[in-house]
Amino acid sequence: MANNVKKMITIFSAAAMVFTIAACSNKNESSDSSPTASAPASASATSQTESQSPEAVDPLGKYDPPIEITFVGTISDQFEKTTLTDGVTMEDNVWTKAYLDELGIKVKYKWIAKSPEEYKQKLNLSLASGDIPNVMNLDTAGLQSAIRADILQDVGGMIEQYGIDQVKSNYTSYDFDPYMAAKNDGKVYAIPQMWSVSDNASGILWIRQDWLDKVGLTPPKTMDDVYAISQAFTHNDPDGNGKKDTFGLSISKDFVMDLGGFFYGYNAYPGTWLEKDGQLVNGSTLPETKNSLEKLAAMYKDGQIDPEFYAKPADKIAQDIAAQKLGMMYGFMWNGIYPLQDSRRDHPEADWRPYLIPAADGTIAKPKADTGIAGYYVVDKNFEHPEALVKMMNLAKTLGQKDPGKYGTSPDGKELWKLSPISVPTLEENLSYHKRMNEMAKTGEAPANAVEQLISDNVKKWTEQKDESMWGYYRMLGPGGVGEIAQANIEYYFDNNLWVYNAYRGAPTQTMSDKGSTMETLESETFVKMIIGQKDVGEFDKFVAEWKKLGGDEVTKEVNEWYQNAK
């Protein structure tokens with residue numbers, strides 16, 4: 001197996017484990033931004049050894065004697081400071097105790113990284129030595145590499161055989177086959193980690209309202225307004241310290257993800273396959289992307305963007321926000337919790353507000369929404385109990401609703417659900433909770449269950465007690481509308497059918513696997529050089545021609561063959 005693993009090291013790409021907060025700044029670092037662990041289920045946990053026929057399956061049956069499952073993962077500094085306290089560790093916490101007590105499963109970590117970059121480095125070392133965990137969470141490219149390296153086992157039918165109904169429903173809620181990328185030669189090599197489309201869509205423009213008031217401007221209606229605000233935040237001393245030390249717009253080296261909303265404002269969707277005249281085309285090659293790059297280049301030249309953005313990882317941007325250096329960021333509904341909450345630690349006047357993304361023509365932009373798959377749980381081919389993964393999913397689905405204060409978000413704001421290496425969110429649950437908060441605020445109706453009670457209590461800790469630790473929680477899903485509560489923006493996009501989806505939902509094509517990383521490097525390096533002025537944006541057509549020659553034409557042909565067959 002080690003030889004097979006070595007063959008895949010250079011092209012292996014893995015998503016970090018789901019318990020981290022890092023996804024708040026990098027999509028690959030986390031995938032569950034819900035405030036609780038998920039929905040309820042009722043099933044007894046009886047002692048058993050898992051060598052049984054399908055008819056005898058107990059979805060929460062306990063292993064006796066206990067078994068051990070190894071994982072790898074990553075944690076952020078923020079998560080470590082706020083949750084890994086008072087003796088709590090990733091191997092000793094309420095979740096690991098529950099898995100052991102209820103299922104007879106000991107959770108162990110081979111290692112835990114402190115950043116996405118370190119995670120990938122450690123993973124590659126593990127793969128090189130053949131010392132891989134029993135269960136990993138991989139992105140699509142990593143999954144394909146692992147399949148080719150023959151290190152995974154077939155987990156087809158596991159959800160149907162062992163999953164409780166609430167887990168099974170996650171795999172039938174969307175109008176596409178979630179297992180598509182996991183299939184090869186008649187086998188299924190992964191269990192997709194489903195997520196809420198709306199919770200992880202970059203549909204929010206967060207703005208420092210106190211800075212907006214200071215410079216005498218109003219929330220933006222057009223992209224020209226966004227530029228004017230960024231310019232004022234850069235040059236008009238919005239923090240009042242008499243120094244030229246602020247930037248208008250937050251950007252890290254993962255700038256395409258950071259600036260999703262900026263691109264959407266110009267009807268641009270880089271990296272996304274869009275239907276044009278019945279054919280799929282890649283958004284990175286379209287004129288709308290060129291228009292966006294021209295504007296970013298102008299902002300960079302004017303000093304509105306950190307001149308070293310291309311070298312800064314996402315966690316450094318979080319530090320800059322906490323240091324009062326940034327006044328605008330495109331992001332997600334959960335950014336109130338991270339990183340914006342940190343900006344209020346020493347500056348409670350930092351009043352970040354969530355706005356709809358304006359389009360260049362004065363309408364509301366259409367945000368991109370991913371297909372609802374955050375990553376893929378895979379099982380080492382030599383692990384004897386692959387069904388244990390589904391049992392952990394069942395328990396994760398059960399405990400959050402049973403005792404949300406213990407397993408979801410604690411009364412003091414600790415995000416305890418991230419301590420579990422397995423995450424099974426209820427799709428679109430945060431949007432439904434926001435709607436319930438509005439309903440209860442209007443009617444005076446009491447919370448209907450323990451989760452609603454917890455959310456209501458946490459929101460009131462801010463609205464009635466001004467508990468600073470709950471400011472971000474309130475901004476995420478409390479009662480209120482657009483410009484106040486991020487989930488209100490998400491509701492607006494749903495109500496007005498404004499989401500744009502990637503039209504290609506298949507597994508990576510052969511050319512994607514062979515040349516995708518090289519093509520992505522070309523794109524990233526070219527776009528950065530255009531933004532910082534090392535390359536003229538007028539050379540965009542030259543980039544497109546090079547992209548096509550490098551493999552773009554082949555990939556376009558492959559995805560269109562898939563598209564025609566999928567219709």
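These legends go with a set of close-up views of a predicted model. Local features are taken at pLDDT of at least 70 and side-chain atom pairs only at pLDDT 80 or more, while totals for chains, interfaces and linings use all residues. Residue numbers start from 1 along each chain as its sequence is written, and side-chain values rest on heavy atoms, with hydrogens and water left out.

**View A. Tyr 179 sits in a loop and is buried.**
The loop in question runs between helix H7 (165-168) and strand E6 (183-184); helices (H or I, at least four residues) and strands (E, at least two) are DSSP runs, numbered from the N terminus. Tyr 179 has a relative accessibility of 12%, where buried means under 20% relative accessible area, exposed over 50% and partly exposed in between (1.4 Å probe, protein chains only). Leaving aside residues up to four places away in sequence, Tyr 179 touches Ile 159, Glu 160, Tyr 171, Val 188, Ala 190, Ile 191 and Pro 192, a contact being heavy atoms within 4.5 Å. Look for Ala 507 as well: 328 residues separate it from Tyr 179 in sequence, yet the two are 9.3 Å apart in space, C-alpha to C-alpha.

**View B. Lys 114 and Glu 80 form a salt bridge.**
That term stands for a side-chain nitrogen of Lys or Arg within 4 Å of a carboxyl oxygen of Asp or Glu, and the structure has 21 of them. Here the N to O distance is 2.9 Å. Lys 114 belongs to the loop between strand E4 (105-113) and helix H4 (116-129), and Glu 80 to helix H2 (residues 77-82), so the pair ties together parts 34 residues apart in sequence. Both ends are partly exposed: Lys 114 with a relative accessible area of 35%, Glu 80 at 32% relative accessibility.

**View C. Lys 110 meets Asp 131 in a salt bridge.**
The side chains come to 2.7 Å, N to O. This pair links distant parts of the chain, 21 residues apart, with Lys 110 in strand E4 and Asp 131 in the loop between H4 and strand E5 (135-138). Lys 110 is partly exposed at 34% relative accessible area, and Asp 131 is partly exposed at 41%.

**View D. Asp 150 and Lys 381 make a salt bridge between two loops.**
Their closest N and O atoms are 3.1 Å apart. Asp 150 is in the loop between helix H5 (140-148) and helix H6 (158-162), while Lys 381 is in the loop between strand E15 (373-379) and helix H15 (387-402), 231 residues away. Asp 150 counts as partly exposed at 38% relative accessibility, as does Lys 381 with a relative accessible area of 34%. Elsewhere, salt bridges with shared partners join Arg 436, Glu 439, Glu 445 and Glu 452 into one network.

Strands count as paired if DSSP finds at least two bridges between them; E5 and E15 have four, in the antiparallel sense. One to pick out is Val 135, whose bridge partner in E15 is Val 379.
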